[in-house]
Amino acid sequence: MAKIKSAKVIVCSPGRNFVTLKIMTDEGVYGLGDATLNGREKAVSSYLEEHVIPCLIGRDPSQIEDIWQYLYKGAYWRRGPVTMSAIAAVDMALWDIKGKMLNTPVYNLLGGKSRDKIMVYAHANGKDLSDTVEEVGRHLEMGYKAVRAQSGIPGIDKTYGVPKDKGRYEPAEKGLPKEDQWSTEKYLNYLPTLFKTLRDEFGDEPHLLHDCHHRLTPIEAGRLGKEVEPYHLFWLEDCTPAELQESFKLIRQHTTTPLAVGEVFNSIWDMQELISSQLIDYIRTSIVRGGGISHMKKIANFAEIYHVRTGFHGATDLSPVTMASALHFDLSINNFGIQEHMPHHEITEEVFSRSYTFEDGFMYPGDAPGLGVDINEDEAAKYPYERAYLPVNRKEDGTMFNW
Ligand code: KDG
Ligand code: MG
């Protein structure tokens with residue numbers, strides 16, 4: 001029986017901050033897990049170092065479910081993004097080790113392939129209407145079949161999804177939190193025009209998505225969903241903050257626009273009513289947020305009964321280890337919907353090597369044993385952690401609002 005010999009946390013900032021867990025066995029095989037929690041990285045790294053790693057030493061790495069339950073039930077303090085990201089990192093690393101020990105890719109351990117390729121969606125971020133049209137067109141030319149469109153809103157200075165300069169959008173910024181500005185009225189007046197213009201320009205075929213980023217009340221979300229129905233969005237994401245799961249009943253009464261929710265959720269209990277009452281169409285919780293592959297398997301299986309498909313979060317703050325885990329998972333389950341793909345910074349790719357690939361709008365996890373991702377620790381050491389925060393958001397009158 002192999003044993004966990006040691007484990008360490010690698011915190012680095014190649015383009016942005018990442019927290020990576022590396023678990024070593026006494027047989028020389030190691031596994032990687034992602035523990036990155038954007039803007040709160042050090043909370044998870046210290047949770048792992050102080051409270052989790054000491055409990056792992058000497059355990060049998062093949063007992064993935066038992067170790068998961070030990071860390072979850074054994075902490076007494078359940079759920080929450082810090083705890084669940086730490087458990088997720090351990091879980092990913094153990095699946096990686098199991099795949100390497102059995103010399104097979106992780107998707108094989110999850111039931112094998114359920115499809116040949118994984119449809120991903122890209123981000124098109126424009127400062128205004130014409131810029132957004134151009135960005136959507138550019139991504140369609142790159143082969144993407146699905147594109148999320150975010151746009152600067154007339155009359156609002158700085159908002160979610162729109163880069164300050166042309167190019168990549170990375171919401172976390174170094175130093176203390178920056179402030180965005182918000183007006184629901186300006187947003188609601190503008191958004192239908194954006195999607196009408198996109199359909200006029202690109203026709204019916206491309207899948208178009210949009211992220212409201214938790215900014216509407218249920219009735220406002222109902223209005224928006226109804227007004228964009230003619231442009232048949234693939235989904236409207238996080239239209240209302242979802243702690244109050246029953247609020248989605250009101251949205252459902254008003255619109256048939258498909259709804260996606262859950263990138264900030266940590267466990268099956270955060271989404272139980274949303275799923276079982278069929279209030280959403282896509283569940284967004286990712287492998288790193290939702291307690292790893294083991295817990296996400298339960299979530300996806302539960303969702304399958306209620307016609308809810310997956311649409312995992314895949315922003316750049318989820319490291320290549322989460323991306324690889326997600327792709328193995330996406331390939332294996334029946335109720336896969338779509339996968340978010342926000343390519344990592346070139347510098348990130350110098351630290352993490354990967355066997356997953358993108359081609360013509362689809363991704364593939366590759367056939368390397370385990371997750372197929374590695375970290376170059378010498379390269380990682382060149383990019384020490386830098387404090388960075390997500391922005392906060394205020395209404396035009398100064399009221400603190402949802403970001
Ligand atoms: O860390 C926060 C980002 O991951 C988030 O703002 C991105 O909403 C997001 C998305 O849908 O990718
Ligand atoms: Mg989102």
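Reader: Hi! How many residues does helix α10 have, and how far does it reach?

Author: Helix α10 (residues 292-305) has 14 residues and reaches 21 Å from its first C-alpha to its last, close to the 20 Å expected at 1.5 Å a residue. That expected span is 1.5 Å times one less than the number of residues. Helices here (H or I, at least four residues) and strands (E, at least two) are DSSP runs, numbered from the N terminus.

Reader: Before I go on, what sort of model is this?

Author: This is a predicted model, where local features need pLDDT of at least 70 and side-chain atom pairs count only at pLDDT 80 or more, while totals for chains, interfaces and linings use all residues. Residues are numbered from 1 along each chain as its sequence is written, chains are lettered from A and ligands numbered from 1 in the order in which they are written, and side-chain values use heavy atoms, with hydrogens and water left out.

Reader: Thanks! Back to α10: which residues are buried?

Author: They are G292, I293, S294, H295, M296, I299, A300, F302 and A303. Buried means under 20% relative accessible area, exposed over 50%, and partly exposed in between, with a 1.4 Å probe and protein chains only. Just after α10, H307 takes a positive phi of about 65°.

Reader: What does S267 touch?

Author: Leaving out residues up to four places away in sequence, S267 touches R79, M84, H295 and I299; contact means heavy atoms within 4.5 Å. H295 and I299 are among the buried residues of α10. S267 itself is in the loop between β10 (259-261) and α9 (272-276), and it counts as buried at 0% relative accessibility. The side chains of S267 and R79 are joined by a polar contact of 3.4 Å. A polar contact is a pair of N or O atoms within 3.5 Å; within protein, one must be able to donate a hydrogen and the other to accept it, and residues adjacent in sequence count only if both atoms are side-chain atoms.

Reader: Are D211 and E237 buried or exposed?

Author: Both D211 and E237 are buried.

Reader: And ligand 1, which residues come nearest?

Author: Of the 15 residues around ligand 1, the nearest are N38, H213, E263, D317 and E340; a residue is near if one of its heavy atoms lies within 4 Å. An oxygen atom of ligand 1 is 2.7 Å from an N or O atom in the side chain of E263. D317 has a polar side-chain atom 2.7 Å from an oxygen atom of the ligand, and for R148 the distance is 3.3 Å.

Reader: Last one: where does α6 bend?

Author: α6 bends by about 30° at Y190, and a proline, P192, follows within four residues. The bend is the angle between axes fitted to the seven residues ending there and the seven starting there. Y190 and P192 are among the buried residues of α6.
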